Amino acid sequence: MELLALKSKLFRKYLYKEILFKLNRWTISSLFIGFLIFLPIGLVILHIGSFTANWRHITDTVLITYSINSIVLVLATVLFSCVFGISSAWVVTNYKFPGHKIFRWALVLPLAIPTYIAAYAYFDILDLFNPFLIWLRSSFGLNTMQLANDMLVYLMTALIMGSVLYPYVYLLARASFESQGGHFINVGRSLGHSGKSIFWKVVLPLSRPAIVAGISLVAMETLSDYGAVKHFGIQTFTYGIFRTWLGMGDLTSALRLAVILLGFTLSILYLEKKIRSGARYGDKSTKSLSYKRNYLKGKKYIFALTVCILPFTFGFIIPVSRMLYWAWLSKNYLIELNIFQLTFNTLTIALLASISTVVLSILLGFSSKYFKSSIVQSSNRFASLGYSTPGAVIAMGALILVGYVSSAFNIIISGTMLLLIFAYIVRFLAVAYQPIISGFEKNCDELNDASKTLGVSPVYSLVKINLPLIKNTLIAAGLLVFIDATKELPLTLILRPFNYETLATATFDLSNQAQIIESSIPSLFIIFLTVIPIIYLNRRIGEGR
Amino acid sequence: MSTILTVSNISKAYKKNNIHALSKLSFECVKGEIVSVVGSSGSGKSTLLKLIAGLEIPDSGQIILNDNVVNGESIFVQPENRNCDLVFQDFSLFPNMTINDNIYFGKNAPDNKSMIGELISLTHISDILSRYPHQISGGQQQRVALVRALANKPSLLLMDEPLSHLDSALKESVRGELISILKTLEITVLIVTHDAEDALTMSDKTVVLNQGTLEQFDTPKNVYKYPNSEYAANLFGMTNIIPLKLLPDSNYFFNQSSTGQDVISVRPHQIILDHGKKSTSLPEFICQVKNIYDNGRRCKIELEYKGLLLVAEIENDNLLNIGETKSFYIRLN
Amino acid sequence: MPTSLQAQLNIYSHRHYDSDKILFKNFTDKTGIEINVVKGSADQLIQRLISEGENSPADLLLTVDAGRLHRAKSAGVLQPIRSKTLYKNIPTSLRDPDNQWFALTVRARVIVYSKERVNPNDLSTYEDLASSKWKGRIAVRSSSNIYNQSLMASLIDANGKRKALEWAKAVRKNMARAPRGSDRDQARAVAAGIADVAIMNTYYIGKLASSSDSKDHKVVEKVGVFFPNQKGRGTHINISGAGVTKSSKNKENAIKFIEYLSSSEAQDVFGSVNYEYPVKIENNKSDLLNSWGPFKSDKLNLSILGKRNGDAVKLFDKAGWE
């Protein structure tokens with residue numbers, strides 16, 4: 001009891017010091033900005049509201065369904081992503097064979113394709129199985145056919161999503177395999193282990209944190225997808241949120257579901273953090289020994305090639321070629337579509353979003369690190385929640401915010417670019433913040449101590465030391481946000497201003513009207529816009545910037 | 001003689017494991033003095049420097065720099081305003097700037113051009129001014145870090161393990177250079193080191209830190225000769241802890257906390273072998289030679305005296321055999 | 001002399017058909033009024049109208065499904081309109097009793113059946129689809145779709161909640177596969193042999209027939225169109241329609257626009273380009289629609305569809321119809 005009292009006294013003293021001594025222009029503005037960015041999500045959580053009869057209905061009927069479906073879909077997608085991502089990363093890192101250099105960067109390309117476009121590209125894939133299903137019914141009866149049909153839906157959806165999401169696992173696994181370099185693999189070899197046994201016993205366990213990080217990204221993307229699950233009819237949480245809000249007109253219950261989903265994603269992140277921090281995996285980026293790689297010939301070469309070609313084909317070649325074909329079929333539609341206006345709009349938002357998130361991340365990250373303020377650090381974590389929150393939920397929060405602002409200040413912010421960009425910032429801040437704060441940590445912490453004792457102002461340190469040192473990280477962060485912002489759909493659908501369409505909304509609208517063929521044109525533009533930064537980033541990572 | 005730095009009852013604990021890095025530490029630095037802080041790793045030395053520089057905040061206590069309270073109950077002066085520079089263990093040179101830009105980075109540096117010019121020639125770094133930190137050697141980096149700190153004309157210079165990154169041959173020469181520069185500039189310096197050799201050769205006073213508490217504050221020589229604890233004694237080199245009752249003539253002793261006995265620290269070179277000249281004034285011990293280690297100049301001898309294990313250091317030209325029993329004498333300070 | 005304010009019309013539209021683009025253009029050419037459109041799903045648009053309140057820039061809500069229009073009315077975002085033209089052009093059962101919304105097109109929810117495997121004499125009513133003879137033979141889209149919900153609402157009104165729930169349970173059991181895809185996908189499933197009958201809206205059949213994919217033409221050739229409940233209350237119909245927003249700053253322009261859409265010129269465009277029935281079904285000029293023959297439509301006041309929507313969704317959930 002005494003210990004508790006002592007601890008709380010110490011804590012209060014600590015807090016007091018934190019607040020008193022670390023309050024300045026930087027930290028105060030960071031806290032304010034962090035609060036603002038968290039606000040939409042906070043409003044969503046607040047609006048869980050009172051227990052409605054409708055909620056009872058939801059818990060009685062569909063809540064379990066949503067949960068099970070979400071879990072099954074996530075697990076299946078993660079499975080495909082891991083199979084595709086880990087195997088190809090291993091093959092590309094550990095072996096030499098004709099084409100391995102190309103595959104090394106090409107395997108990342110499916111990231112250019114959002115899950116909803118992948119779903120449209122494969123929209124009729126299930127029809128391929130019709131003859132098979134009919135045969136099943138005639139041979140084994142209706143029940144068998146229905147069972148097979150249900151399984152196929154999940155299988156195909158997971159396969160499609162896994163094909164475009166595996167690069168998350170691939171990239172992280174590849175980085176981990178490469179940084180382990182020669183050390184452990186050479187040791188393993190000298191102790192007589194074969195390639196396969198080294199992989200399972202040494203390399204994979206060591207890469208666990210990286211792979212887990214990749215898996216959590218895949219899981220989050222899967223959970224927040226709306227286009228693919230809507231198309232294939234899988235009732236996940238996100239699907240349920242839209243249905244409850246729009247189908248039942250019950251915003252409150254939809255928000256409750258959103259909070260449950262948020263809790264779900266947060267627990268994934270928490271789990272991931274626990275798994276990763278559990279061991280010291282040698283975080284320091286030391287230069288890795290390049291080790292002698294085995295050159296593959298014959299059967300082994302074919303096998304390796306297959307491992308690389310399969311994901312690339314499913315995740316990139318098939319979708320893109322189908323859409324190129326469709327674009328050719330609908331080339332007359334190009335003019336009607338006003339594709340250049342769409343592209344301009346998309347580029348504008350993406351650039352504004354990436355620039356503002358980078359600038360804000362610099363402010364928030366620098367304030368946290370330079371002044372060693374744990375309050376700002378916590379506030380930043382809250383502001384980073386947007387990435388774990390589905391875009392639709394953020395839009396809902398933004399609309400609630402709009403309601404308050406409208407009634408209080410009698411001004412219109414709904415339907416403006418300002419609101420849209422704000423919502424994008426809420427959604428994507430974490431994408432820029434994570435690498436930037438990590439860049440500050442790795443490169444600048446000690447140097448900032450030095451510059452402080454030399455008597456210079458924080459601005460001087462920021463401009464002369466920090467920014468030049470993390471220049472590459474800033475560019476990478478901006479590009480990452482650009483890629484995500486270009487692909488963004490649900491948030492834009494809800495918050496867009498008058499006459500404002502982006503490539504993503506155009507794709508969705510066309511597909512929704514079952515004009516999937518024509519939707520290929522804006523889809524291809526999206527892919528084109530995202531492929532370029534992806535290749536650039538990939539090359540930079542490869543160089544070991 | 002004005003006091004540049006006063007540290008009063010400074011305490012800091014780390015929340016993670018609630019270990020106290022520093023516990024009610026108090027000492028002073030007078031202008032122009034070089035004070036070393038010696039202790040084994042984990043004794044809180046680096047934390048102390050960070051607190052004085054303002055890079056971290058103590059839990060309680062006061063720090064006064066240049067007659068200004070920089071740390072107090074509700075006072076905290078930002079590090080930028082303390083005029084107190086820190087030379088870091090790994091130098092922390094800014095990698096994206098030339099040596100010249102590094103040196104002139106400090107707030108006051110542009111005002112001290114002539115002094116900086118002298119420092120540059122004193123430290124022989126004028127030919128590397130246009131290079132980048134990764135292009136110069138460790139020894140050169142150390143000198144650049146020093147010049148950068150001094151260029152700012154601090155009232156107090158802090159140095160964190162300034163020589164730990166240098167190999168032993170370099171250490172010797174750098175030590176000498178460092179002292180001559182510091183004394184020439186009449187700078188007040190606080191050096192943190194785990195190497196007692198640094199303390200002995202460089203500092204006027206030394207603070208012995210044990211797990212965050214001050215164990216002894218005296219000149220290095222006094223700590224070497226008259227350590228007040230086993231810890232302090234061992235810090236400054238190998239020593240023999242001998243019960244006071246065996247050497248009753250000693251006017252110095254301390255209480256060994258583990259046994260409660262009063263003991264004396266006797267350095268290995270204080271145990272001598274008489275060549276045949278009888279020095280009857282010295283206490284005599286008849287010991288058995290257990291082991292002989294020859295390391296070139298000197299010999300380390302392990303002796304046994306009535307169950308007590310001793311280590312002596314003697315000149316090499318004595319012919320001793322293992323298992324022999326001989327008379328040894330202890331020369332008290 | 002129209003000021004810039006007068007020459008504007010801001011529309012929140014759920015409809016995104018090519019026919020609309022033509023009509024917007026025609027209207028602007030005729031009247032000089034600029035049209036600004038925000039497209040979205042009806043529910044999101046209604047939500048947005050609610051949030052924006054009286055500061056909303058929208059003048060007109062254009063959407064499909066009577067249920068949605070009713071919901072907009074209940075949320076208080078529409079206002080009553082006086083227009084003799086509209087009263088003349090639009091039948092009473094197809095407008096809000098308080099004149100807050102007006103139908104502009106009609107679509108019927110029909111049964112399509114495989115010409116090879118189904119005898120049209122076996123078909124009669126929606127309710128009949130629950131019988132065991134259809135086990136494993138039906139294809140319908142998800143219950144989250146508003147057209148199914150409105151159909152269900154009409155069934156609740158006609159037969160009561162208990163019977164409607166039983167019907168939904170039975171039809172779900174009779175499905176060849178779990179609900180998936182659009183109305184057109186259901187027709188494709190019938191053509192492929194997965195199912196024998198499907199429920200879908202009439203204009204989608206038209207879209208299949210005019211699709212750029214020749215496979216869709218074959219689908220249309222393989223299926224026949226059946227209007228259920230002809231001996232009883234009539235086939236369930238739904239509408240797309242419009243209402244003027246309460247916050248509208250361009251009320252006159254909005255009324256003008258709805259009146260234009262109800263004119264025979266505009267109604268013909270709906271029919272020819274989008275295969276929708278005009279509000280006066282007998283005025284239909286499309287060949288394809290005429291080929292299915294005249295039919296008796298349910299004269300239920302469509303605001304009921306909105307009133308019963310909540311019940312419909314809940315019953316679907318209870319029935320396990322995804």
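Modeller: Chain C is divided into domain 1 (8-106 + 238-283) and domain 2 (108-235 + 302-319), with bounds from an automatic or database domain assignment. This is a predicted model, in which local features need pLDDT of at least 70, side-chain atom pairs count only at pLDDT 80 or more, and totals for chains, interfaces and linings use all residues. Residues are numbered from 1 along each chain as its sequence is written, while chains are lettered from A and ligands numbered from 1 in the order in which they are written.

Biologist: Which element gives the most to the side of domain 1 of chain C that touches domain 2 of chain C?

Modeller: In chain C, 16 residues of domain 1 are in contact with 16 residues of domain 2 (C-beta atoms, placed from the backbone, within 7 Å). On the domain 1 side, α3 (66-74) and β8 (237-244) of chain C each supply at least two residues; helices (H or I, at least four residues) and strands (E, at least two) are DSSP runs, numbered from the N terminus. With 6 residues, the element that gives the most to this side is α3(C).

Biologist: Which residue is the bridge partner of Asp85(B) in β7(B)?

Modeller: Chain B has an open sheet of 6 strands with mixed pairing, in the order β6-β7-β8-β3-β9-β10; strands pair if DSSP finds at least two bridges between them. Its edge strands are β6 (84-87) and β10 (213-218) of chain B. The strands β6(B) and β7 (residues 156-160) of chain B run parallel and are joined by 4 bridges. In β7(B), the partner of Asp85(B) is Leu157(B).

Note on methods
Contact = placed C-beta atoms within 7 Å.
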